[in-house]
Amino acid sequence: MGRPLRSLALGTVSVLLPAVAWAHPGIAPEPHDLWSAWTFAPAVVLGLALAGWLYWRGLRALWRRAGRGRVVGPWRAGAFAASLAALFIALVSPIDAVGTALFAVHMVQHLLLIMIAAPLMALGDPLLVMLWAIPLRTRRVVARWWNGARVLRGVWRVLRLAPVAWALHVIALWLWHIPALYELAIRHEFVHVAEHMTFFLTALLFWWLPLEPHGRRMSAAAAVLYLFAAALQSTILGAAITFARRPWYPSHFGTTSAWGLNPLEDQQLAGLLMWIPAGTIYLIVLLPLVWRMLSGTTAARPRRGHRTAGDVPSVAGLSARGTP
């Protein structure tokens, strides 16, 4: 991914931040409240709609120039759409509200943000596609600004280092499951906003590196180590939550009985969700990488007739120098 594309990283993610950050702490719902517990917050709905519109607009412009299905294949567009659907389920459906009552459902919300929405968005290549949603003249202005923003470019280079991205993701995972911070997130909307933002953004950065559509991707061996080490952290945390002898989170002491669980059972179910489904997702991603490593193929070869971003003439217009 070229430098001008990176310049839109903050802008692209900011389209989704109002939706991802939305929190809805309040009175914990009970089963009879389930189908009235949808959270149609304007920030969520408008943020997701705007992201979808920008992606559709950019994809249409890109395919008009490069040919339908070129550069960004239909399956990548489908991945982005699935990512928005996962965000909608996590933040609009009753999962958001019921998460205040059940730790297990709150864990489902976290997993949707970290393990579903983030990797699918990375596969959707939103930076490149949304870049095509803005006029060429604006792209050139952004490119010139980015070329002059040395400090920001330096910060971005550091963030894209595999050890840094991995550490930020793992720290966020452990940090927000510390009982004191989790309790703050349940009780205070501002902290809940920070929780959602850090989960999603660190996960997006984490998944971007091994799944990056353009530019220098990780080798298979590096990606296997990177993902396996993260999977191990998730497994350890999930097991610790599952086998704890007492419940950790007082906010759920009086909210689980209406759902037929006691607080410890609720916590055990949450730990199992982090342990097994999350581990399965890591395994699904790891298996083809292990196969590629064992077969000696370190990079996927483009299909016959496939064009990369560099083959599209107007991509040259992303630089401060060239025009298509």
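This is a chat about the fold, packing and confidence of a predicted model.

User: How many residues are in the chain, and what share is buried?

Analyst: The protein chain has 324 residues, and buried ones make up 49% of them.

User: And what share of the contacts comes from residues 24 or more positions apart?

Analyst: Counting contacts with a separation of 6 or more, 79% are between residues 24 or more positions apart.

User: OK, confidence. What's the mean pLDDT?

Analyst: The mean is 82 for the protein chain, with 81% of the residues at 70 or more.

User: Which elements have the lowest and the highest mean pLDDT?

Analyst: Helix 1, residues 3-6, has the lowest at 46, while helix 10, residues 162-175, has the highest at 95.

User: Where does the pLDDT fall below 50?

Analyst: Residues 1-11 are below 50, and that stretch has 30 contacts in the model beyond near neighbours in sequence. Residues 298-324 are below 50 too, with 52 contacts in the model counted beyond near neighbours.

User: Let's switch to packing. At what angle do helix 13 and helix 14 pack?

Analyst: About 165 degrees, with the axes 8 Å apart; helix 13 covers residues 220-242 and helix 14 covers residues 263-295. Angles over 145 degrees count as roughly antiparallel, so helix 13 and helix 14 are roughly antiparallel to each other.

User: Is the crossing left-handed or right-handed?

Analyst: Left-handed, as helix 13 passes helix 14. By class, their contact has 21 nonpolar, seven polar and one charged residues.

User: How about helix 10 with helix 13, at what angle do they cross?

Analyst: Roughly 10 degrees, and their axes come within 11 Å. That makes helix 10 roughly parallel to helix 13.

User: Which residues make that contact?

Analyst: On helix 10 they are Ala162, Ala165, Trp166, Val170, Leu173 and Trp174, and on helix 13 they are Tyr226, Ala229, Ala230, Gln233, Ser234, Ile236 and Leu237. By class, the contact of helix 10 with helix 13 has eleven nonpolar, two polar and no charged residues.

User: What does Ala230 touch?

Analyst: Leaving out residues up to four places away in sequence, Ala230 touches Trp166, Phe206 and Tyr282. Ala230 itself is in helix 13.

User: New topic: where is Thr256?

Analyst: Thr256 is in the loop between helix 13 and helix 14.

User: Buried or exposed?

Analyst: Thr256 counts as buried, at 1% relative accessibility. Setting aside neighbours within four places in sequence, Thr256 is in contact with Ala101, Leu102, Leu261, Asn262, Pro263 and Asp266.

User: Last one, which helix has Val44?

Analyst: Val44 lies in helix 3, residues 42-66. Val44 counts as buried, with 0% relative accessibility. In sequence, Val44 and Leu91 are 47 residues apart, yet C-alpha to C-alpha they are 7.2 Å apart in space.

Key:
Residues numbered from 1 in each chain as written. Predicted model: local features only at pLDDT ≥ 70, side-chain atom pairs only at ≥ 80, totals over all residues. Heavy atoms only, no water. pLDDT = per-residue confidence, 0-100. Helix = DSSP H or I, 4+ residues; strand = E, 2+ residues; numbered from the N terminus. Contact = heavy atoms within 4.5 Å. Axes fitted to C-alpha atoms, helices over the stretch in contact; angles between N-to-C directions. Parallel < 35°, antiparallel > 145°, perpendicular 65-115°, else oblique. Left-handed = near helix turned anticlockwise from the far one by under 90°. Nonpolar A, V, L, I, M, F, W, Y, C, P; charged D, E, K, R; others polar. Buried < 20%, exposed > 50% of the residue type's maximum accessible area, 1.4 Å probe, protein only.
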